[in-house]
Amino acid sequence: MKVTGYTDRLTVTVPKAEGTDYRKSKLKSPLFGQRSKGITVIQDGRGFDIDGHSVRWANWKFHLSFDTRAGSVISLASIYDQEKEKFRRVLYKGFVSELFVPYMDPSEEWYYKTFFDAGEYGLGLCAFPLEPYKDCPANAVFMDGYYAGQDGTPVEIKNVFCVFEKYAGDIMWRHTETAIPDKFIREVREEVSLVVRMVSTVGNYDYIIDWEFKQSGSIKVGVGLTGILEVKGAEYTHKDQIKEEIYGTLLADYTVGVYHDHFLTYHLDLDVDGHDNSLVKSTLETKRVTAADGSRRKSYWTVVKETAKTESEAKIRLGMKPTELFVVNPNKKTKMGNEVGYRLIPGSQTSPLMSDDDYPQIRGAFTKYQVWVTPYNKSEKWVGGLCADQSQGDDTLAIWSSRDREIENKDVVLWYTLGFHHVPSQEDFPVMPTLSGGFELRPANFFESNPVLNTRSPPIPRAFPNCTSANP
(Lines give C-alpha, C1' and ligand atoms only; values in the text may rest on other atoms or scores of the structure.)
Protein backbone atom coordinates (compact mmCIF):
# COMPACT_ATOMS: atom_id res chain seq x y z
CA MET A 1 0.00 0.00 0.00
CA LYS A 2 2.86 2.37 -0.74
CA VAL A 3 3.99 4.20 -3.86
CA THR A 4 7.42 2.75 -4.51
CA GLY A 5 8.27 4.85 -7.55
CA TYR A 6 6.85 6.83 -10.43
CA THR A 7 7.89 8.30 -13.76
CA ASP A 8 6.92 11.80 -14.87
CA ARG A 9 8.84 12.35 -18.06
CA LEU A 10 6.53 14.81 -19.85
CA THR A 11 4.73 18.01 -18.96
CA VAL A 12 1.97 19.11 -21.34
CA THR A 13 -0.78 21.68 -21.25
CA VAL A 14 -4.13 20.33 -20.14
CA PRO A 15 -6.48 20.28 -23.18
CA LYS A 16 -9.36 22.73 -23.12
CA ALA A 17 -12.77 21.50 -22.05
CA GLU A 18 -14.58 23.95 -24.33
CA GLY A 19 -16.39 22.19 -27.16
CA THR A 20 -16.01 18.70 -25.71
CA ASP A 21 -19.33 18.34 -23.86
CA TYR A 22 -21.59 16.22 -26.08
CA ARG A 23 -24.67 16.20 -23.83
CA LYS A 24 -27.76 17.52 -25.59
CA SER A 25 -28.63 19.76 -22.65
CA LYS A 26 -25.27 21.52 -23.04
CA LEU A 27 -25.35 22.00 -26.80
CA LYS A 28 -26.67 24.94 -28.76
CA SER A 29 -29.77 24.54 -30.88
CA PRO A 30 -28.98 23.18 -34.36
CA LEU A 31 -28.56 25.87 -36.98
CA PHE A 32 -29.76 23.99 -40.06
CA GLY A 33 -31.39 25.94 -42.87
CA GLN A 34 -34.54 23.85 -42.49
CA ARG A 35 -35.82 22.29 -39.31
CA SER A 36 -35.67 18.50 -39.53
CA LYS A 37 -38.97 16.72 -39.21
CA GLY A 38 -39.71 13.95 -36.75
CA ILE A 39 -39.52 10.39 -38.08
CA THR A 40 -41.01 7.27 -36.57
CA VAL A 41 -41.76 3.70 -37.64
CA ILE A 42 -45.34 2.48 -37.33
CA GLN A 43 -46.01 -1.23 -37.73
CA ASP A 44 -49.46 -2.75 -37.75
CA GLY A 45 -48.69 -5.72 -35.52
CA ARG A 46 -45.50 -7.63 -34.86
CA GLY A 47 -44.32 -9.98 -37.59
CA PHE A 48 -42.17 -12.29 -35.46
CA ASP A 49 -42.52 -14.51 -32.40
CA ILE A 50 -40.17 -14.91 -29.43
CA ASP A 51 -40.52 -17.99 -27.25
CA GLY A 52 -37.96 -17.74 -24.48
CA HIS A 53 -34.84 -17.14 -26.55
CA SER A 54 -36.10 -18.77 -29.76
CA VAL A 55 -37.07 -16.35 -32.52
CA ARG A 56 -39.33 -17.15 -35.49
CA TRP A 57 -39.74 -14.70 -38.37
CA ALA A 58 -40.79 -15.18 -41.99
CA ASN A 59 -38.85 -18.24 -43.19
CA TRP A 60 -36.21 -18.07 -40.42
CA LYS A 61 -35.88 -19.55 -36.96
CA PHE A 62 -32.89 -19.16 -34.63
CA HIS A 63 -31.84 -18.96 -30.98
CA LEU A 64 -30.52 -15.77 -29.39
CA SER A 65 -28.47 -15.91 -26.19
CA PHE A 66 -26.32 -13.62 -24.07
CA ASP A 67 -22.67 -14.32 -23.26
CA THR A 68 -20.48 -12.21 -20.96
CA ARG A 69 -17.51 -12.44 -23.32
CA ALA A 70 -19.09 -12.53 -26.81
CA GLY A 71 -22.26 -10.56 -26.14
CA SER A 72 -24.91 -11.69 -28.62
CA VAL A 73 -24.75 -15.32 -29.78
CA ILE A 74 -26.84 -16.58 -32.70
CA SER A 75 -27.29 -20.34 -32.93
CA LEU A 76 -29.39 -22.98 -34.70
CA ALA A 77 -30.23 -20.56 -37.52
CA SER A 78 -32.34 -22.44 -40.07
CA ILE A 79 -34.36 -21.33 -43.07
CA TYR A 80 -37.54 -22.90 -44.40
CA ASP A 81 -37.30 -24.27 -47.93
CA GLN A 82 -40.79 -24.00 -49.41
CA GLU A 83 -40.05 -26.48 -52.19
CA LYS A 84 -38.62 -29.13 -49.86
CA GLU A 85 -41.18 -28.24 -47.16
CA LYS A 86 -38.66 -28.32 -44.32
CA PHE A 87 -36.23 -26.17 -42.36
CA ARG A 88 -32.62 -26.44 -43.47
CA ARG A 89 -29.72 -25.55 -41.18
CA VAL A 90 -27.39 -22.69 -42.13
CA LEU A 91 -25.51 -21.55 -39.01
CA TYR A 92 -24.98 -23.70 -35.94
CA LYS A 93 -23.42 -20.87 -33.92
CA GLY A 94 -22.05 -17.40 -34.64
CA PHE A 95 -20.53 -14.73 -32.39
CA VAL A 96 -17.69 -12.23 -32.04
CA SER A 97 -14.75 -14.27 -30.80
CA GLU A 98 -12.41 -11.30 -30.29
CA LEU A 99 -12.14 -7.55 -30.86
CA PHE A 100 -8.47 -6.57 -31.10
CA VAL A 101 -7.64 -2.84 -30.87
CA PRO A 102 -3.90 -2.06 -31.07
CA TYR A 103 -2.78 1.58 -30.90
CA MET A 104 0.14 2.76 -33.00
CA ASP A 105 2.03 4.89 -30.50
CA PRO A 106 5.20 3.01 -29.41
CA SER A 107 6.16 5.55 -26.72
CA GLU A 108 6.59 4.60 -23.07
CA GLU A 109 3.14 5.84 -22.10
CA TRP A 110 1.28 4.13 -24.95
CA TYR A 111 3.08 1.06 -26.30
CA TYR A 112 1.05 -1.35 -24.14
CA LYS A 113 -2.34 -0.04 -25.31
CA THR A 114 -3.27 -3.07 -27.40
CA PHE A 115 -6.67 -4.14 -26.16
CA PHE A 116 -8.54 -7.44 -26.47
CA ASP A 117 -12.01 -6.07 -25.83
CA ALA A 118 -13.80 -9.43 -25.70
CA GLY A 119 -11.17 -11.45 -23.85
CA GLU A 120 -9.97 -8.78 -21.42
CA TYR A 121 -13.18 -6.83 -20.77
CA GLY A 122 -16.12 -8.80 -22.19
CA LEU A 123 -18.47 -7.48 -24.86
CA GLY A 124 -21.37 -8.82 -22.83
CA LEU A 125 -20.13 -7.42 -19.52
CA CYS A 126 -19.73 -4.03 -21.23
CA ALA A 127 -23.21 -4.09 -22.81
CA PHE A 128 -25.69 -1.50 -21.61
CA PRO A 129 -29.49 -1.16 -21.84
CA LEU A 130 -30.64 0.05 -25.24
CA GLU A 131 -32.65 3.25 -25.42
CA PRO A 132 -36.07 2.91 -27.08
CA TYR A 133 -36.73 5.13 -30.13
CA LYS A 134 -33.01 5.99 -30.42
CA ASP A 135 -30.89 2.85 -30.25
CA CYS A 136 -33.79 0.92 -31.73
CA PRO A 137 -36.93 1.95 -33.67
CA ALA A 138 -40.42 2.22 -32.24
CA ASN A 139 -41.40 -1.26 -33.46
CA ALA A 140 -38.55 -3.01 -31.60
CA VAL A 141 -39.02 -5.69 -28.96
CA PHE A 142 -36.46 -5.75 -26.14
CA MET A 143 -34.89 -8.71 -24.34
CA ASP A 144 -32.91 -8.85 -21.11
CA GLY A 145 -29.57 -10.54 -20.45
CA TYR A 146 -28.34 -12.34 -17.34
CA TYR A 147 -24.96 -13.45 -16.04
CA ALA A 148 -23.47 -14.69 -12.79
CA GLY A 149 -21.91 -11.97 -10.63
CA GLN A 150 -18.66 -12.34 -8.70
CA ASP A 151 -20.58 -13.73 -5.72
CA GLY A 152 -22.57 -16.13 -7.90
CA THR A 153 -25.85 -14.25 -7.80
CA PRO A 154 -27.62 -13.44 -11.09
CA VAL A 155 -27.05 -9.99 -12.57
CA GLU A 156 -29.63 -8.59 -14.97
CA ILE A 157 -28.99 -6.21 -17.88
CA LYS A 158 -32.32 -4.80 -18.95
CA ASN A 159 -33.02 -4.33 -22.67
CA VAL A 160 -29.61 -5.66 -23.71
CA PHE A 161 -31.01 -6.84 -27.07
CA CYS A 162 -33.58 -5.41 -29.39
CA VAL A 163 -35.25 -7.28 -32.24
CA PHE A 164 -37.12 -5.44 -34.96
CA GLU A 165 -38.35 -5.68 -38.51
CA LYS A 166 -36.54 -3.24 -40.74
CA TYR A 167 -37.91 -1.53 -43.82
CA ALA A 168 -35.98 1.43 -45.18
CA GLY A 169 -37.24 1.64 -48.73
CA ASP A 170 -34.90 -1.08 -49.98
CA ILE A 171 -35.83 -3.39 -52.85
CA MET A 172 -35.75 -7.17 -52.47
CA TRP A 173 -35.99 -7.75 -56.22
CA ARG A 174 -37.55 -6.08 -59.22
CA HIS A 175 -37.77 -6.12 -63.01
CA THR A 176 -39.42 -4.01 -65.69
CA GLU A 177 -40.00 -5.83 -68.98
CA THR A 178 -40.39 -3.64 -72.07
CA ALA A 179 -39.20 -5.97 -74.84
CA ILE A 180 -42.53 -7.78 -75.29
CA PRO A 181 -44.71 -6.04 -77.93
CA ASP A 182 -47.89 -4.47 -76.57
CA LYS A 183 -47.02 -5.46 -73.00
CA PHE A 184 -45.51 -3.66 -70.04
CA ILE A 185 -44.62 -5.81 -67.06
CA ARG A 186 -43.25 -4.51 -63.78
CA GLU A 187 -42.81 -6.54 -60.60
CA VAL A 188 -41.27 -5.13 -57.42
CA ARG A 189 -40.89 -6.63 -53.93
CA GLU A 190 -39.91 -4.51 -50.99
CA GLU A 191 -37.06 -5.61 -48.71
CA VAL A 192 -38.14 -6.31 -45.14
CA SER A 193 -35.56 -7.92 -42.86
CA LEU A 194 -35.20 -8.83 -39.19
CA VAL A 195 -32.43 -7.22 -37.10
CA VAL A 196 -30.98 -8.35 -33.76
CA ARG A 197 -28.97 -5.54 -32.13
CA MET A 198 -26.67 -5.13 -29.15
CA VAL A 199 -24.43 -2.22 -28.14
CA SER A 200 -21.27 -2.75 -26.11
CA THR A 201 -19.40 0.21 -24.62
CA VAL A 202 -15.84 -0.90 -23.96
CA GLY A 203 -14.24 2.08 -22.24
CA ASN A 204 -14.29 4.91 -24.74
CA TYR A 205 -15.71 3.09 -27.80
CA ASP A 206 -19.31 2.05 -28.45
CA TYR A 207 -19.77 -0.94 -30.76
CA ILE A 208 -23.14 -1.51 -32.44
CA ILE A 209 -23.37 -5.19 -33.37
CA ASP A 210 -26.19 -6.26 -35.70
CA TRP A 211 -27.30 -9.61 -37.10
CA GLU A 212 -29.71 -9.09 -39.99
CA PHE A 213 -31.75 -11.92 -41.47
CA LYS A 214 -33.16 -11.59 -44.98
CA GLN A 215 -35.99 -13.59 -46.53
CA SER A 216 -33.68 -14.37 -49.47
CA GLY A 217 -31.59 -16.53 -47.11
CA SER A 218 -28.79 -14.03 -46.51
CA ILE A 219 -27.41 -13.23 -43.08
CA LYS A 220 -25.81 -9.78 -42.98
CA VAL A 221 -23.56 -8.93 -40.06
CA GLY A 222 -23.05 -5.25 -39.35
CA VAL A 223 -20.73 -3.38 -37.00
CA GLY A 224 -20.93 0.31 -36.16
CA LEU A 225 -18.08 2.12 -34.37
CA THR A 226 -18.85 5.28 -32.43
CA GLY A 227 -18.09 6.81 -29.03
CA ILE A 228 -15.06 8.80 -27.94
CA LEU A 229 -11.56 8.58 -29.38
CA GLU A 230 -8.58 7.58 -27.27
CA VAL A 231 -6.61 10.86 -27.15
CA LYS A 232 -3.41 12.16 -25.58
CA GLY A 233 -2.12 15.57 -24.61
CA ALA A 234 0.49 17.38 -26.69
CA GLU A 235 2.07 20.85 -26.79
CA TYR A 236 0.49 21.86 -30.09
CA THR A 237 -2.31 24.14 -31.22
CA HIS A 238 -1.55 23.97 -34.96
CA LYS A 239 -0.20 21.32 -37.31
CA ASP A 240 2.66 23.61 -38.45
CA GLN A 241 4.16 23.42 -34.94
CA ILE A 242 4.69 19.65 -35.22
CA LYS A 243 8.26 18.69 -36.14
CA GLU A 244 8.36 15.06 -34.99
CA GLU A 245 6.21 11.92 -35.21
CA ILE A 246 3.14 12.27 -32.97
CA TYR A 247 1.53 8.95 -34.02
CA GLY A 248 -1.83 10.57 -34.61
CA THR A 249 -3.85 13.57 -35.78
CA LEU A 250 -4.08 16.95 -34.04
CA LEU A 251 -7.82 17.24 -33.35
CA ALA A 252 -8.05 20.26 -31.06
CA ASP A 253 -5.76 22.44 -28.97
CA TYR A 254 -3.26 20.18 -27.14
CA THR A 255 -5.24 17.08 -28.19
CA VAL A 256 -4.01 14.25 -30.45
CA GLY A 257 -6.13 11.30 -31.64
CA VAL A 258 -3.80 8.30 -31.87
CA TYR A 259 -3.75 6.02 -34.94
CA HIS A 260 -5.18 2.58 -34.23
CA ASP A 261 -6.91 -0.50 -35.65
CA HIS A 262 -10.09 -2.44 -34.93
CA PHE A 263 -10.18 -6.14 -35.83
CA LEU A 264 -13.36 -8.13 -35.13
CA THR A 265 -12.94 -11.87 -35.58
CA TYR A 266 -16.15 -13.86 -35.92
CA HIS A 267 -16.62 -17.51 -35.01
CA LEU A 268 -18.97 -18.88 -37.70
CA ASP A 269 -19.77 -22.54 -37.16
CA LEU A 270 -21.62 -23.09 -40.42
CA ASP A 271 -23.67 -26.24 -40.92
CA VAL A 272 -24.79 -25.73 -44.51
CA ASP A 273 -27.62 -28.25 -44.87
CA GLY A 274 -25.70 -30.62 -42.60
CA HIS A 275 -22.61 -30.96 -40.41
CA ASP A 276 -19.99 -31.92 -42.99
CA ASN A 277 -18.88 -28.97 -45.11
CA SER A 278 -15.92 -27.87 -47.23
CA LEU A 279 -14.34 -24.55 -48.20
CA VAL A 280 -14.24 -23.92 -51.95
CA LYS A 281 -12.06 -21.15 -53.37
CA SER A 282 -13.27 -19.91 -56.75
CA THR A 283 -10.53 -17.84 -58.36
CA LEU A 284 -11.30 -15.67 -61.37
CA GLU A 285 -8.55 -16.09 -63.95
CA THR A 286 -7.98 -14.29 -67.24
CA LYS A 287 -7.70 -16.52 -70.31
CA ARG A 288 -6.42 -15.58 -73.76
CA VAL A 289 -8.48 -16.40 -76.84
CA THR A 290 -6.46 -18.23 -79.46
CA ALA A 291 -6.87 -18.10 -83.21
CA ALA A 292 -8.14 -21.66 -83.13
CA ASP A 293 -11.15 -20.53 -81.08
CA GLY A 294 -12.43 -18.56 -84.07
CA SER A 295 -13.44 -15.53 -81.97
CA ARG A 296 -12.67 -11.86 -82.45
CA ARG A 297 -12.25 -11.47 -78.70
CA LYS A 298 -8.75 -11.47 -77.19
CA SER A 299 -9.56 -12.52 -73.64
CA TYR A 300 -12.17 -13.60 -71.12
CA TRP A 301 -12.22 -14.66 -67.50
CA THR A 302 -13.31 -17.97 -66.08
CA VAL A 303 -13.65 -19.59 -62.67
CA VAL A 304 -11.10 -22.08 -61.35
CA LYS A 305 -12.36 -23.92 -58.27
CA GLU A 306 -10.22 -25.47 -55.55
CA THR A 307 -11.40 -27.27 -52.44
CA ALA A 308 -9.24 -26.65 -49.37
CA LYS A 309 -8.15 -29.98 -47.96
CA THR A 310 -6.20 -28.80 -44.90
CA GLU A 311 -6.09 -25.75 -42.65
CA SER A 312 -3.04 -24.30 -44.39
CA GLU A 313 -4.94 -24.19 -47.69
CA ALA A 314 -7.77 -22.24 -46.03
CA LYS A 315 -5.66 -19.38 -44.65
CA ILE A 316 -6.57 -16.52 -46.98
CA ARG A 317 -5.57 -12.89 -47.33
CA LEU A 318 -8.37 -11.21 -49.21
CA GLY A 319 -7.62 -8.76 -51.99
CA MET A 320 -4.50 -10.51 -53.25
CA LYS A 321 -6.39 -11.86 -56.28
CA PRO A 322 -10.06 -12.02 -57.29
CA THR A 323 -11.39 -14.95 -55.29
CA GLU A 324 -14.87 -15.90 -54.13
CA LEU A 325 -15.24 -18.13 -51.08
CA PHE A 326 -17.95 -20.72 -50.54
CA VAL A 327 -18.79 -23.12 -47.73
CA VAL A 328 -20.47 -26.05 -49.45
CA ASN A 329 -21.97 -29.37 -48.49
CA PRO A 330 -20.34 -31.82 -50.93
CA ASN A 331 -22.87 -34.45 -49.91
CA LYS A 332 -25.89 -32.44 -51.09
CA LYS A 333 -26.52 -31.27 -54.65
CA THR A 334 -29.23 -29.36 -56.43
CA LYS A 335 -31.24 -30.83 -59.29
CA MET A 336 -28.71 -29.20 -61.62
CA GLY A 337 -25.85 -31.03 -59.89
CA ASN A 338 -24.36 -28.03 -58.07
CA GLU A 339 -23.14 -28.41 -54.51
CA VAL A 340 -25.39 -26.57 -52.08
CA GLY A 341 -23.54 -23.79 -50.32
CA TYR A 342 -23.25 -20.34 -48.84
CA ARG A 343 -20.96 -17.61 -50.08
CA LEU A 344 -18.92 -15.30 -47.86
CA ILE A 345 -19.17 -11.73 -49.16
CA PRO A 346 -16.46 -9.89 -47.21
CA GLY A 347 -16.43 -6.28 -46.12
CA SER A 348 -13.39 -4.03 -45.99
CA GLN A 349 -10.27 -6.03 -46.80
CA THR A 350 -8.02 -4.73 -44.03
CA SER A 351 -4.87 -6.51 -42.87
CA PRO A 352 -2.61 -5.73 -39.89
CA LEU A 353 0.42 -3.56 -40.66
CA MET A 354 2.48 -4.46 -37.60
CA SER A 355 5.45 -6.76 -38.09
CA ASP A 356 5.00 -10.44 -37.24
CA ASP A 357 7.58 -10.24 -34.43
CA ASP A 358 5.88 -7.30 -32.70
CA TYR A 359 4.52 -8.50 -29.35
CA PRO A 360 0.93 -7.23 -29.92
CA GLN A 361 0.86 -8.96 -33.32
CA ILE A 362 2.14 -12.19 -31.78
CA ARG A 363 -0.83 -12.08 -29.40
CA GLY A 364 -3.15 -11.03 -32.22
CA ALA A 365 -1.74 -13.38 -34.88
CA PHE A 366 -5.28 -14.47 -35.75
CA THR A 367 -5.63 -11.21 -37.72
CA LYS A 368 -2.83 -12.07 -40.17
CA TYR A 369 -5.37 -13.70 -42.47
CA GLN A 370 -8.96 -12.56 -42.87
CA VAL A 371 -10.19 -16.12 -43.39
CA TRP A 372 -9.30 -19.32 -41.56
CA VAL A 373 -11.09 -22.67 -41.48
CA THR A 374 -10.58 -25.21 -38.70
CA PRO A 375 -12.24 -28.51 -37.83
CA TYR A 376 -14.77 -28.07 -35.05
CA ASN A 377 -13.29 -28.37 -31.57
CA LYS A 378 -15.40 -27.35 -28.59
CA SER A 379 -12.34 -25.94 -26.78
CA GLU A 380 -11.48 -23.60 -29.69
CA LYS A 381 -13.87 -20.70 -29.20
CA TRP A 382 -11.71 -17.68 -28.43
CA VAL A 383 -9.18 -16.76 -31.12
CA GLY A 384 -7.07 -14.78 -28.65
CA GLY A 385 -6.87 -17.69 -26.23
CA LEU A 386 -9.01 -18.86 -23.33
CA CYS A 387 -7.19 -16.45 -21.01
CA ALA A 388 -6.51 -13.37 -23.15
CA ASP A 389 -5.39 -11.05 -20.35
CA GLN A 390 -1.56 -10.92 -20.40
CA SER A 391 -1.51 -13.76 -22.92
CA GLN A 392 1.70 -14.47 -24.82
CA GLY A 393 0.22 -15.67 -28.09
CA ASP A 394 0.63 -19.39 -27.36
CA ASP A 395 -3.11 -20.18 -27.42
CA THR A 396 -4.46 -18.44 -30.51
CA LEU A 397 -6.16 -19.45 -33.73
CA ALA A 398 -2.76 -19.21 -35.44
CA ILE A 399 -1.37 -21.86 -33.07
CA TRP A 400 -4.35 -24.20 -33.41
CA SER A 401 -4.28 -23.95 -37.20
CA SER A 402 -0.55 -24.72 -37.39
CA ARG A 403 -1.44 -28.40 -36.86
CA ASP A 404 -2.73 -28.31 -40.45
CA ARG A 405 -5.65 -30.65 -39.78
CA GLU A 406 -7.92 -31.99 -42.50
CA ILE A 407 -10.98 -29.86 -43.19
CA GLU A 408 -12.49 -31.33 -46.35
CA ASN A 409 -16.00 -32.69 -45.83
CA LYS A 410 -15.75 -32.16 -42.07
CA ASP A 411 -17.66 -30.32 -39.38
CA VAL A 412 -15.74 -27.04 -39.77
CA VAL A 413 -15.66 -23.51 -38.35
CA LEU A 414 -15.12 -20.48 -40.55
CA TRP A 415 -13.28 -17.58 -38.88
CA TYR A 416 -13.63 -14.20 -40.53
CA THR A 417 -11.88 -11.00 -39.47
CA LEU A 418 -13.44 -7.63 -40.27
CA GLY A 419 -10.89 -4.82 -39.94
CA PHE A 420 -10.66 -1.03 -39.80
CA HIS A 421 -7.54 1.15 -39.95
CA HIS A 422 -8.53 4.34 -38.15
CA VAL A 423 -6.74 7.58 -38.94
CA PRO A 424 -8.67 10.03 -36.72
CA SER A 425 -10.00 13.27 -38.21
CA GLN A 426 -11.42 16.39 -36.59
CA GLU A 427 -14.95 15.26 -37.41
CA ASP A 428 -14.38 12.34 -35.01
CA PHE A 429 -14.03 14.74 -32.08
CA PRO A 430 -15.40 14.97 -29.40
CA VAL A 431 -17.82 12.15 -30.33
CA MET A 432 -17.34 10.08 -33.45
CA PRO A 433 -20.11 9.72 -36.06
CA THR A 434 -20.76 6.02 -36.58
CA LEU A 435 -18.34 4.25 -38.92
CA SER A 436 -19.96 1.11 -40.34
CA GLY A 437 -18.75 -2.14 -41.85
CA GLY A 438 -19.84 -5.73 -42.18
CA PHE A 439 -20.07 -8.86 -44.28
CA GLU A 440 -22.71 -11.19 -45.68
CA LEU A 441 -23.38 -14.92 -45.77
CA ARG A 442 -25.40 -15.40 -48.97
CA PRO A 443 -26.99 -18.58 -50.41
CA ALA A 444 -25.12 -20.03 -53.40
CA ASN A 445 -26.98 -22.92 -55.03
CA PHE A 446 -28.60 -23.60 -51.66
CA PHE A 447 -32.08 -23.27 -53.20
CA GLU A 448 -33.30 -24.58 -56.53
CA SER A 449 -34.35 -21.06 -57.57
CA ASN A 450 -35.08 -17.64 -56.15
CA PRO A 451 -36.64 -18.37 -52.72
CA VAL A 452 -38.40 -14.99 -52.54
CA LEU A 453 -40.00 -15.11 -55.98
CA ASN A 454 -43.41 -15.76 -54.48
CA THR A 455 -43.33 -13.51 -51.44
CA ARG A 456 -46.45 -11.88 -50.13
CA SER A 457 -47.68 -8.79 -51.89
CA PRO A 458 -46.83 -5.47 -50.27
CA PRO A 459 -49.33 -4.50 -47.57
CA ILE A 460 -51.84 -1.82 -48.41
CA PRO A 461 -50.79 1.47 -46.79
CA ARG A 462 -52.91 2.12 -43.75
CA ALA A 463 -53.96 5.53 -42.49
CA PHE A 464 -53.16 6.14 -38.84
CA PRO A 465 -54.82 8.79 -36.63
CA ASN A 466 -53.03 12.15 -36.45
CA CYS A 467 -50.66 11.14 -39.29
CA THR A 468 -50.62 13.03 -42.56
CA SER A 469 -48.49 12.70 -45.66
CA ALA A 470 -46.26 15.59 -46.67
CA ASN A 471 -46.85 14.74 -50.36
CA PRO A 472 -50.41 13.43 -50.75
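Let me start with Lys 113, which, once its neighbours within four places in sequence are left aside, is in contact with Val 101, Pro 102, Tyr 103 and Glu 230, where contact means heavy atoms within 4.5 Å. Lys 113 sits in the loop between strand S5 (86-102) and strand S6 (114-116); helices (H or I, at least four residues) and strands (E, at least two) are DSSP runs, numbered from the N terminus. With a relative accessible area of 14%, Lys 113 is buried, and here buried means under 20% relative accessible area, exposed over 50%, and partly exposed in between, using a 1.4 Å probe and protein chains only.

Please keep in mind that this is a predicted model, in which local features need pLDDT of at least 70 and side-chain atom pairs count only at pLDDT 80 or more, while totals for chains, interfaces and linings use all residues. Residues are numbered from 1 along each chain as its sequence is written, and side-chain values use heavy atoms, with hydrogens and water left out.

Next comes Tyr 205, which the unreviewed UniProt entry annotates as "modified residue: 2',4',5'-topaquinone"; UniProt positions are in the numbering used here, feature names are shortened, and annotations may be inferred rather than shown by experiment. Is Tyr 205 buried or exposed? Tyr 205 counts as buried because its relative accessibility is 2%, and its place is in strand S12 (residues 205-214). Not counting residues up to four places away in sequence, Tyr 205 touches several residues, including Tyr 103, His 260, His 262, His 422 and Met 432.

Now for the cysteines. The structure holds one disulfide, that is, a pair of cysteine sulfur atoms within 2.5 Å, and the partners are Cys 136 and Cys 162, with their sulfur atoms 2.2 Å apart. The pair links distant parts of the chain, 26 residues apart, with Cys 136 in the loop between helix H1 (117-121) and strand S7 (141-148), and Cys 162 in strand S8 (residues 154-166). Cys 136 is buried at 2% relative accessible area, and Cys 162 is buried as well, at 0%. Cys 387 is exposed, with a relative accessible area of 61%, whereas Cys 126 counts as buried at 13%.

In soluble globular proteins, nonpolar side chains tend to be buried together.

Finally, how many cavities of 30 Å³ or more does a search of the whole structure find? The search finds one. On a 1 Å grid over the protein atoms alone, a cavity is a set of points where a 1.4 Å probe fits but cannot get out, and lining residues have an atom within 4 Å of a point. Strand S20 (323-333) and strand S21 (339-345) each supply at least two residues of the lining of the largest cavity, and the lining includes Leu 325, Phe 326, Tyr 342 and Arg 343.

Terms used:
1 Å grid on protein atoms, 1.4 Å probe; cavity = no way out; pocket = protein on both sides within 12 Å on 5 of 7 lines; lining within 4 Å. Points joined across faces, edges and corners; volume = space filled by probe spheres on them.
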